[in-house]
Amino acid sequence: MMIPNVVETADIAVTVPRTDCYKIRIRDGLVETLGEELRRAFGAVSAVVISDRNVWTLHGNRVSASMDEAGIPVNAIVLPAGERTKSLHTANKVYRQLLDLRARRRTVLIAFGGGMVIDTVGFIAATYLRGVPYINVPTSLLAQVDSAIGGKVAVNHPAGKNLVGAFHHPSFVYTDPSVLLTSSERDLRSGMAEVVKTAVIADETLFETIERAVPAILARDTETLALIINRTSLLKVELLSGDPYEADLRRPLNFGHTVGHAVEKEEGYGRMRHGEAVAVGMAVAARIAVDKGVCPAAIGERIVALIRALGLPTRTRVPVERIWEAVSVIRMVRDGNLHFVLPGRRLGEVVMTDDIDESDIARALAGLEDGRR
């Protein structure tokens, strides 16, 4: 007996509305009012704070007191500090802890820490129970101006940085510049690499502000830091708004990151800070841009000089052959394309090119090694 085929093929259009809109609040003392902010945003809610050992030792009592005052039940998961913690192994351990705590779909995760914590908690929030809400409370300058904004969440893989991840935006970002008073000098300098990156690609005035304010920045003048955090955060939001999910891989925000990610991997995660590796990548890109004639020598010199004035590296011990090999992994991540972002004719402008090879990077590193700009 023949069974008639009663199902006709058809093209079905599925529309999925996105509601990825959130506020970034920047104010001294936000850590003390975090519980009140959470209550105002979510009402009666349970929360799990995830931090690292160093940050929790410094600020855990402030967070706990704030939650208690607001009457919000809270549990804390404290991770080992360091980039090696940013892994699938850590995520699996935290999944188990969340299950033991009976965390549900409405449980709010609070990422309280630097870039490692922000990225890892965001990844966990994106994947636990297919997605739970989370807020970012960044405690390092790098996290405040970069990691906490944009919804790019990931963990590292032995083959490369951030190879396992998703886009999952926070519900809120609460930035308290006062926590930077307890940040290490190395972390502060590392965070400034992302500020310099944003200035080079988008805002000549910000670049000039940083040049004048180096002593105040390194002295942790909170008024100066708050000004820089505000401006950099706004610029990053503007740069992301047109392409929040990286459909276009030719992105100015990648300035310094192509070589930077390769250097960070080959130097060893944890031995070199992300911002330090980006600083090297920016110096290399500036040198290549001058060599290619797309950037005036004076602009290239200012970029490298500012990186050095902030106490950031412009060189690496990693052989260029290994850097180029690591860059090939980045090429895979970027869909087989490798677009270098170079500074342009003036600060605030960039040039995209794929006409870069191993010899260009070698020449740039050699020039930086012997002190030439």
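Is Tyr174 buried or exposed? Tyr174 is buried, with a relative accessible area of 2%. Welcome to a short tour of this structure, which is a predicted model.

- Searching the whole structure turns up four aromatic pairs.
- In one of them, the ring centres of Phe42 and Phe172 are 6.1 Å apart and the planes stand at 75°, so this pair is edge-to-face.
- Phe42 belongs to helix α1 (residues 34-42) and Phe172 to strand β8 (residues 172-175), so the pair ties together parts that are 130 residues apart in sequence.
- Phe42 has 22% relative accessibility and counts as partly exposed, while Phe172, at 17%, counts as buried. The cut-off that separates these two labels is 20% relative accessible area.

- Leu30 sits in the loop between β1 (23-26) and α1.
- With a relative accessible area of 3%, Leu30 is buried.
- Setting aside residues up to four places away in sequence, Leu30 touches Arg25, Glu37, Tyr174, Thr175 and Asp176.
- For a sense of scale, Leu30 and Ile201 are 171 residues apart in sequence, and their C-alpha atoms are 30 Å apart in space.

**Helix α6 against helix α8**

- The axes of α6 (residues 185-202) and α8 (residues 222-241) come within 10 Å and cross at roughly 50°. That makes α6 oblique to α8.
- The crossing of these two helices, α6 and α8, is left-handed.
- On the α6 side, the contact is made by Leu188, Val195, Thr198, Ile201 and Ala202. On the α8 side, Leu225, Ile228, Thr232, Leu235 and Leu239 make the contact.
- Sorted by class, the contact of α6 with α8 has eight nonpolar residues, two polar ones and no charged ones.
- Thr198, found in helix α6, counts as buried at 3% relative accessibility.
- Apart from its neighbours within four places in sequence, Thr198 is in contact with Asp203, Thr232 and Leu235.

**Helix α6 against helix α10**

- α6 also packs with helix α10 (residues 274-292), at an angle of about 40° and with the axes 7 Å apart. The two helices, α6 and α10, are therefore oblique to each other.
- Here too the handedness is defined: α6 passes α10 in a left-handed crossing.
- The α6 residues Arg186, Ser190, Ala193, Glu194, Val196 and Lys197 meet His274, Gly275, Glu276, Val278, Ala279 and Met282 of α10.
- By class, the contact of α6 with α10 has five nonpolar, three polar and four charged residues.

**Helix α9, enclosed**

- Helix α9 (residues 257-267) has 10 of its 11 residues buried, so α9 is largely enclosed by the rest of the structure.
- The buried residues of α9 are His257, Thr258, Val259, Gly260, His261, Ala262, Val263, Glu264, Glu266 and Glu267.
- After α9 comes Gly268, with a positive phi near 110°.

**Positive phi away from glycine**

- Arg102 has a positive phi, near 60°, and is a residue other than glycine.
- The position of Arg102 is in the loop between α3 (88-100) and β4 (108-113), and at 62% relative accessibility Arg102 counts as exposed.
- Leu129, although not a glycine, has a positive phi of about 50°.
- Leu129 is placed in the loop between α4 (115-127) and β5 (134-138), and with a relative accessible area of 34% Leu129 is partly exposed.

Notes
Residues are numbered from 1 along each chain as its sequence is written. This is a predicted model: local features need pLDDT of at least 70, side-chain atom pairs count only at pLDDT 80 or more; totals for chains, interfaces and linings use all residues. Side-chain values use heavy atoms; hydrogens and water are left out. Axes are lines fitted to C-alpha atoms, for helices over the stretch in contact, and angles run from 0 to 180 degrees between N-to-C directions. Helices (H or I, at least four residues) and strands (E, at least two) are DSSP runs, numbered from the N terminus. Angles under 35 degrees count as roughly parallel, over 145 as roughly antiparallel, 65 to 115 as roughly perpendicular and the rest as oblique. A crossing is left-handed if the near helix is turned anticlockwise from the far one by less than a right angle, and right-handed if clockwise. Contact means heavy atoms within 4.5 Å. Ala, Val, Leu, Ile, Met, Phe, Trp, Tyr, Cys and Pro count as nonpolar, Asp, Glu, Lys and Arg as charged, and the others, Gly among them, as polar. Rings of Phe, Tyr and Trp (its six-membered ring) pair if their centres lie within 6.5 Å; planes under 30 degrees apart count as stacked, over 60 as edge-to-face and the rest as tilted. Buried means under 20% relative accessible area, exposed over 50%, partly exposed in between (1.4 Å probe, protein chains only).
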